[in-house]
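Thanks for coming, everyone. I'd like to walk you through one structure this morning, so let me put it up on the screen.

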Amino acid sequence: MKYPSQGVARLYFIAAIGLFAAQILFGLIMGLQYVIGDFLFPAIPFNVARMVHTNALIVWLLMGFMGAAYYLVPEEAERDLIAPWLAKLMFWIFLVAAALTVIGYLFVPYSGLAKMTGNELLPTMGREFLEQPTITKIGIVIVALAFLFNIGGTILTGRKTVVNLVLLIGLVGLAVFFLFAFYNPTNLVLDKYYWWWVVHLWVEGVWELILGSILAFVLIKTTGVDREVVEKWLYVIIAMTLITGIIGTGHHYYWIGTPEYWQWWGSIFSAMEPIPFFMMTVFAFNMVNRRRRNHPNKAAMLWALGTAVMAFLGAGVWGFLHTLSPVNFYTHGTQITAAHGHMAFYGAYVMIVLAIISYAMPIMSGREANSQRSQVLEMWSFWLMTVSMVFITLFLTAAGILQVYLQRFSDTPMQFMLVQDKIAIFYWLRELTGLVFLIGLVLYIWSFFVANKEPGLTSAAVDQALKGNAGPAGAIA
Amino acid sequence: MAQTFTKTMARNIFYGGSVFFFLLFLALTFDTSMALPDRDRRELLDPTTERGQQIAHGKALWEENNCIGCHSLLGEGAYFAPELGNVYVRFGNNTEAIKAFIQSRPAEGIPGRRSMPQFNFAPEELEAIAQFLKYASEINTAGWPPNKQG
């Protein structure tokens, strides 16, 4: 760690992993409720479990992005954060706000939470992913502004690298588009139209800039490839992201009351959205193949390559599967959407946050990389979580295809709940695979405790091992 | 990438492309805003009418009870419970049937099965929700969903 203030990232990463665990536990509860409908009813109804599942995901990814920014921005800017104390203060505010919100979800009926927090003064609650009480949303804006001040000030007063500038553009976009969460007209079409300005322009827009810059940073550090090459790739990837992704928003405007021409704009542009993800895959493998050093942190490299592949599969391929409007006419709002959502979020955003955590946490603990044993555990967790996510996606896709056929495509369409009974086998398989994911997560967390007990690997040991001298790192050569 | 393609060119494509397509998106948004009054049934929402107030109240109740946490509305939301954008049509164009269904949910659920919670809505709240769902069903959604099962 070159600058002491980078260390604030540690708090963010630890909290992110804690919320990740909460997300998975509530995901398993929901998965079981899909097949045992009265599980925990009425104590934790499905909608509450789902709010915790999705909101914990959003908050922990934001924590991960913030941690990533606090870690990499000083290193790129070649100076300490302008206000490390502010980063720490905002962390605690964010964490307490998130915890209170989750406690509110779990222990107060949602309508009671709306009353307690004065939702009628500025109604923003009760919309998918934006369920947080208005006061929590205001808190998010305050934390985001303080964060942007800290990061922006550090970037603008330090060395300006492409990685930092792209990250800053992404983070500013994140904050700006979140403001549409406060616009909630009675007109349902307008409500939905601008709701997507938060949701789509985040995950298929500015978040990809954040993803790209974090990936570029990790690859520069672990491969030693010339920065110029990496930066050129980064510009091309994010250019394609926004060129396809902004008008690609149109794939959400097919059936919500908006004009039919969106079926053309949305289909054509969103059909190109896989391109930047494919380029990201080519980019990551190219950089690793052209590496000029052998970084001892193999686990971080695995996450970086993994995110490039899985983002392409989840966001690119599974997105394309149902993005053309004649297809989407049948698949809109089915388990196909759920399948895509799971692998896209895991591949693009979960894995990039785990990649930067994997790279940065050992360094913040004073090691170049974790011990061999810890890395092996972490790589096991990578494969368990990644393979189980592939199968979760496949099972949900199978459920979705059957659902589309039975409920929408056949000559004798069946009722929603009857269809749900017919496809229950796939929900069971998804739940069992979810348990495997949980095992992967437990191994992941365990690997940190193993790492803290053992001396880490160093570049010198790796180079020595590669030269044929049997060093302590011989096994990984 | 070949040396003839420089980082500066890549940067210019990024800035130029992003700005161009964002402006195009704003232009399409403007055109959509002009077209929406003929599609989104905003005339029903007039807050000086009883129906307009009911729909607004119904949407607030929809949100404050997190209905979207289980149901989808025009295909967006959760996929745990039926689509409600066309529930008015599915229930035979009948707001009374919607109200009766919501009222009849058992407080302790149904053993082994998914069941909607009992929200204990007052009669005027039930009417507001039903009016909101009726309004949702009348939006011009380009023919979606494919059939009344949603």
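Chain A and chain B bury about 6800 Å² between them, where buried area is the accessible area (1.4 Å probe) that two parts lose on being put together, summed over both. Of that area, 64% lies on carbon and sulfur atoms. Three residues, A:L188, A:K232 and A:Y235, supply 10% of what chain A buries against chain B, more than any other three residues.

Some housekeeping: this is a predicted model, with local features needing pLDDT of at least 70 and side-chain atom pairs counting only at pLDDT 80 or more, while totals for chains, interfaces and linings use all residues. Residues are numbered from 1 along each chain as its sequence is written, chains are lettered from A and ligands numbered from 1 in the order in which they are written, and side-chain values use heavy atoms, leaving out hydrogens and water.

Back to the interface. Counting contact as heavy atoms within 4.5 Å, 87 residues of chain A and 73 residues of chain B take part.

How many salt bridges cross between chain A and chain B? The rule finds six, each being a side-chain nitrogen of Lys or Arg within 4 Å of a carboxyl oxygen of Asp or Glu. One of them joins the side chains of A:E231 and B:K7, at 2.5 Å from N to O.

Now for the cysteines. Over all chains, a search of the whole structure finds zero disulfides, meaning pairs of cysteine sulfur atoms within 2.5 Å.
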